[in-house]
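Here is a short briefing for a first look at this structure. Start with the overview, then take the topics in turn.

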Amino acid sequence: MMDDDLFDAELWMNDDFSASNASQHSRHDTQRSVPSNNMDRIPSQFRSVFPFDEFNAMQSISFDKIFDSDGNLVIVAPTGAGKTVLLELAMVRCFMANPVDARVVYMAPTRALCTQKADEWAAKFHDAAIACHEYTGDTETSSLHAVRQSGIIVTTPEKWDSMTRGWHDHPAIVNSIRLFMIDEVQILKQDRGASLEACVSRLQSMNTRTRMIAVSATVPNVANVTQWLKATPLTFGDEYRPIQLHRQVVGFEQRRNSNAYAFDHFLDWKLLPIIKQHSPTKPVLVFCTTRSSAESACAILIKMLRERGENDFFRGERPLPNNLPVTNEILASTLQHGIAFHHAGLDREDRCLVEQLFCNRAISLVATTSTLAMGVNLPAHLVIIKSTKTFQDGVPCEYSEIDILQMMGRAGRPGYEATGTAVILTTTGMVSHYREIIHCRANVESSLQLSLHEHVVSEIRCGTIRDAETFSHWLQSTFLYVRAKENPQHYTQLLNDGSDISDTATQKDIFDRIMRQLTRAKLVKKSGRGKDATYDITNYGSIMDRLYIKVVTMQRFMNPNAPCLSIYDTLVLLSNAAEFQNHPVTSQQKANLKNLCKHQDLAHPLIHERVTTVADKINIVIQCVLSGISLYTKSSGSALVTESHVIMKTARRVAKCLVEVAREMGQGRRLYHAISLHQCLVARSWNTGAFVFRQLQDVGPKYARSLYDQGIQSLTDLRTSDPSRIEMLLHRSTPFGTKILTQVNAMPHYVVEIEKAYNALASEMMLTAHVTLAQPLRNTPTNALAKGFYTCIWLETDQDHDIIAFDRKKTNLMTDAELHITYECDVIDPTVQLILHVQNEDFVGLDIMQRINITTID
């Protein structure tokens, strides 16, 4: 059995929190008469939205305020009370009142929840011919096209923020929004809550016809949220939960030298006593942080039962069917004990089988990852959250309040019993934190002050903020303003000496401080003086805002002395961006990262040969991806691999910023390496030697090296090769060679011709660069998200590397016409040459660099 000496002591915090001691908010009285059922008021085309015969008590009480008025509402009700139905009622009213051109926006904190709602509503509103589109992926054009066709827009705060930052480009969409719904509004207190706050304040300043409805299970200071949204509260207590929930937090001491994996495994041995105490004969769900954790929980439970001679403890109420069609052998074994695990690593058929067996009570326990809480409805009498240390995009972190509430919400089985139990297992240091969550005691604060400068820049670009007066108007529309008035001690970063944010002088002081910093950083520019002073966005500020970049990162990128003599210098600069600060070097990763630093295939080893900072980690991870070095280890599994996907996605966005900053600065060398790095990040490969072949599908490091060693050393060489030769060199059969050539021919093949006209009298040279494609593209990119969509054509001097001209063209248009770029160049030094660059933004190995002598005519 697990050595308990690793974990010194246990701390059990029995926070039994049922309806009898629920939070005493002002709420509707359960004894009041419930209005008669209103289902007959729903038009026939919307009847499929509500697949039941009558509304429950909470929904009936709320019906008039939802369906018969357009007032803003803040609805606080426990998980499982039926808040989603209230949102659907509001949607139906919106489409009834605005049948022609109305849009509804639903904002949720996670992509999983957005996907779930988008799928549900696409089906429910199908009969009414109202399209529902999920807007959570990469921005901008393709998603915007879909949004224009949608009546229901499902999105996250970050994505909606990025879209509405350019709202003046899409006025028809914004002006048609009649209903804006916020799910889990308590995320205002998280870092990402700033985006939600900015979105709402921006929409309020743009469109006064939009109805706001916010819902949550836990908002102690609901009065502040209603004040912010100018809304009416609808607050329902725990008695409106269909199943009364008993909650416990159990804390265990964790030794300093142990890690999250060891602690998680330690908790496996604590599950059986808790199950026997709370649910010896009823269904149990155990939420685990990883797939391996779910499987480990099952294995330890089975081992403990065998040691105790209790093999039948988890056998279900009904016998297991014979010859179960199970693909996973380990799962097949655990099922014989009435236990199963459930995660995305299983085949879909196996997952569906586990769900069916659990619902039919043929098995009694399922250990699953937290994603199940957002999707399939598998209620159990007992829910155990085994460890609160999870992984977000590969980065270890504590579960959010939303995660906890979603998982706890699975406790209790409506129709079978009146109560359920949820037990949270965590470290002693986090007990008080989770007690605050289950008791709903922590007030919701604003997080806008943490990114206030970035959001002010955004509002200046939108035109919302122009001067001190418009800043004050915008500030007063924020949740930050509401909470800072009530709790100024929490906002000392913004307020000096506990000053009153409602005071005009205080608002002016905040504005002046922010403007001085942004002006000094060249992100905004000032016109006029004193009371007449106004502010506008600079090109640098526009770049920052469009690409969602932090102020500190822009300042670092705009430093003219930042090294940029190579692609590696540029990678170092990118790795230091503040956008990567949520990827810390964890204790579990240190050994792996240290080994990666010494890997023989690493193109640019770190000077100090160890990873000590976030920037070092980002540098190494990106290099490993570009070099084809595996990030998987037996000790930590694929955690770093998963994290690398997020790092690469962020890196591509930050690299775009580097490109645009270099262009704005007029520094050719910096621009060349920035574009080159962006190419590498998109291609997931370096841009030299055999690496260029790795951007092709089905060509890994081994095939790339074989082609290069056999004399095919560029994409041009490969393009002119015979398919049979490629197959012979790589020992592959037909039609592998043809497939490879099809990919190469889908890439642009540039041809450059230069025309020069020299005016000796005026000492001027007129240059025209004709950049065309040698052949039409096989798969012509049609939108800005398509790979290879843009081509950069630019000219620099060969001595100072000053950018003389820059043009960014749509690659697909180059199939139809020549591009004429004409420049006037004063001839001062006859030894000066110009350098013409043609670079596709996404592909490596296609660049053209041509030197032009401007003193003679060829």
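Predicted model: local features only at pLDDT ≥ 70, side-chain atom pairs only at ≥ 80, totals over all residues.

**Overall make-up**

- The chain has 858 residues, and 55% of them are buried.
- It holds 30 helices and 25 strands.
- Take the contacts between residues at least 6 apart in sequence: 72% of them join residues at least 24 apart.

**Salt bridges**

- The whole structure contains 28 salt bridges.
- One of them joins glutamate 158 to arginine 192, with the closest N and O atoms 2.8 Å apart. Glutamate 158 sits in helix 5 (residues 157–164), while arginine 192 is in the loop between strand 6 (177–183) and helix 7 (193–206), so the bridge ties together parts 34 residues apart in sequence.
- Glutamate 158 has 22% relative accessibility, so it counts as partly exposed. Arginine 192, at 26%, is also partly exposed.
- Glutamate 310 and lysine 276 form another salt bridge, and their closest N and O atoms are 2.8 Å apart. Glutamate 310 lies in the loop between helix 11 (291–308) and helix 12 (329–335), and lysine 276 lies in helix 10 (residues 271–278), so this pair ties together parts that are 34 residues apart in sequence.
- Lysine 276 is partly exposed, with a relative accessible area of 31%.
- Aspartate 161 and arginine 165 meet in a salt bridge at 3.3 Å, N to O. Are these two residues buried or exposed? Both aspartate 161 and arginine 165 are buried.
- Salt bridges with shared partners join Asp161, Arg165, Arg202, Glu459, Arg461 and Asp545 into one network.

**Charges over rings**

- Arginine 808 lies over the face of tyrosine 790, at 3.7 Å from the ring centre.

**Aromatic pairs**

- How many aromatic pairs are there? The count comes to 19.
- Phenylalanine 236 and tyrosine 240 form an edge-to-face pair, with centres 5.0 Å apart and 75 degrees between the planes. Both phenylalanine 236 and tyrosine 240 are buried.
- Phenylalanine 252 and phenylalanine 266 also make an edge-to-face pair, at 5.7 Å centre to centre and 85 degrees between the planes. This pair links distant parts of the chain: phenylalanine 252 belongs to strand 9 (residues 244–252) and phenylalanine 266 to helix 9 (residues 260–268), 14 residues apart.
- Phenylalanine 252 counts as buried because its relative accessibility is 0%. Phenylalanine 266 is buried too, with a relative accessible area of 2%.
- One aromatic cluster is formed by Phe50, Phe52, Phe55, Phe63 and Phe67.

**Nonpolar cores**

- In soluble globular proteins, nonpolar side chains tend to be buried together.
- The largest nonpolar core here has 123 residues. Which residues have the most contacts inside it? They are Val456, Leu574 and Ile622.
- Helix 25 (residues 639–665) supplies the largest share of this core, 12 residues.
- Leaving aside residues up to four places away in sequence, valine 456 touches Ile465, Phe471, Trp474, Ile514, Met515 and Leu518.
- Another core, of 64 residues, lies apart from the largest one. Among its members are Ala297, Ile302, Val423 and Ile437.

**Strand 6 and its neighbours**

- Strand 6 is mostly covered, with 7 of its 7 residues buried.
- Strand 3 (residues 103–107) pairs with strand 6 in the parallel sense, over 5 bridges. Methionine 107 stands opposite isoleucine 182 in strand 6.
- Strand 7 (residues 211–216) also runs parallel to strand 6, joined by 5 bridges. Here phenylalanine 180 stands opposite methionine 212 in strand 7.
- In a regular strand, the side chains alternate between the two faces of the sheet.

Technical notes:
Residues numbered from 1 in each chain as written. Heavy atoms only, no water. Phe/Tyr/Trp six-rings, centres within 6.5 Å; stacked < 30°, edge-to-face > 60°. Buried < 20%, exposed > 50% of the residue type's maximum accessible area, 1.4 Å probe, protein only. Helix = DSSP H or I, 4+ residues; strand = E, 2+ residues; numbered from the N terminus. Lys NZ or Arg CZ within 6 Å of the ring centre and 35° of its normal. Salt bridge = Lys/Arg side-chain N within 4 Å of Asp/Glu carboxyl O. Core = buried A, V, L, I, M, F, W, Y, C linked by side-chain atoms within 4.5 Å. Contact = heavy atoms within 4.5 Å. Pairing = 2+ DSSP bridges.
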